[in-house]
Amino acid sequence: MNEVNFEAKPDNIEIEAVTTEYEPVIVPPEVTETTDIIESKAEEKVPVTLNDSDLSSIQNEIIDTDAEDNIAQNLCDSPIADKVIEDETLQTELETQHEAERILNEEQLRVALVESNNVVLAEIGKIKSSICDVDARISTLRKLADMHEEIENNLNTQINEYKDNLYRRIVNPILVEFFDIQEDMNLDAFGANDETKNLLLDYVQAISKVFKHYGVEVETVSVGDKYDPRIHKPVKTVPTDDISLDKTIAKTRKTLVHSIDGKIVERACVNVYQYREPILGALMEETEKTVNQG
């Protein structure tokens, strides 16, 4: 057995870490154990005694390590490794470029959408403004149409009233003249014989029909009718002690009432009963006689 005395100096050993994409080399456990023993002894700075087998193992380990380093260095320096690195760099650059283009496209799209939205909102505002203007014009036209219709209706009403008034101003005086003629025939009929009476009454009825054509209504008043100031014109009051005759017609002087379009034009002239108590009535009669004689 050979004895070797040395002081291990770990500082003289430099180990470079090489990162590769290849399968790592597995170190046998016994070599690792031997290396650990040497490192521990070197740290303690004590002599280490190695036999031939240990020396052989260390030599093999060193040879294997050098071979691995050479293989790794050769792989790193080979064109294939350069190509892989170049491809990875190119792929990274392409991805970066694509990401930048995507961000740029998104920004451009966002700006375009904002501009388009602003344009659409502006057009919508113009359309709303136009609609408001049209509504205002329509409202004005409606008011003008209503005013025109109202003015037209007023004009038509005034024209019709003017026509009616003109017609009445011309026709009514003529009709009033015939009222007196009809009244005279009616009064003469009551004092004539039967034949003349019937003839005169026929004329009276004929005239009434003609009057009706021109809007004239004829109403006959009789003795005993209730006094109505609307159609009766009182000429004289006749005193009576019969309360049942109070305010009734005592005598007719004009028996016909004429109205045009519902408006009374000529009332009947009548004497009206007025109730008085017997004593008071006698005193009033005496007073009236005295006044008449005086």
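User: Let's begin with R102: is this residue buried, partly exposed or exposed?

Analyst: Happy to walk through this one with you. R102 counts as partly exposed, because its relative accessibility is 38%; buried means under 20% relative accessible area and exposed over 50%, with partly exposed in between (1.4 Å probe, protein chains only). Before going on, please keep in mind that this is a predicted model, in which local features need pLDDT of at least 70 and side-chain atom pairs count only at pLDDT 80 or more, while totals for chains, interfaces and linings use all residues. Residues are numbered from 1 along each chain as its sequence is written, and side-chain values use heavy atoms, with hydrogens and water left out.

Now to the partners. The side chain of R102 meets that of E106 in a salt bridge, at 2.6 Å from N to O; the term stands for a side-chain nitrogen of Lys or Arg within 4 Å of a carboxyl oxygen of Asp or Glu. Both residues lie in helix 3, four residues apart, or about one turn of the helix. Helices (H or I, at least four residues) and strands (E, at least two) are DSSP runs, numbered from the N terminus. E106 is partly exposed because its relative accessibility is 44%. The pair also belongs to a network of salt bridges that links E99, R102 and E106.

E266 counts as buried because its relative accessibility is 13%. Over the whole structure, the search finds five salt bridges.

Helix 3 spans residues 79-191 and also holds I159. With L141, L144, M147, I151 and L155, I159 makes a nonpolar surface patch of about 570 Å². Patches are made of residues with over 30% relative accessible area and no salt bridge, joining like charges within 9 Å and nonpolar side chains (Val, Leu, Ile, Met, Phe, Trp, Tyr) within 5 Å. Areas come from the Shrake-Rupley method with a 1.4 Å probe, and for residues only the protein chains shown count as cover. I159 is partly exposed because its relative accessibility is 42%.

Stepping back, the chain has five helices and six strands, running α-α-α-α-β-β-β-β-β-β-α from the N terminus. Buried residues make up 16% of its 294 residues.

As for confidence, the mean pLDDT of the chain is 76, and 67% of the residues reach 70 or more; pLDDT is the predictor's confidence in each residue, from 0 to 100. Over residues 1-25 the pLDDT is below 50, and this stretch has 18 contacts beyond near neighbours in sequence, a contact being heavy atoms within 4.5 Å.
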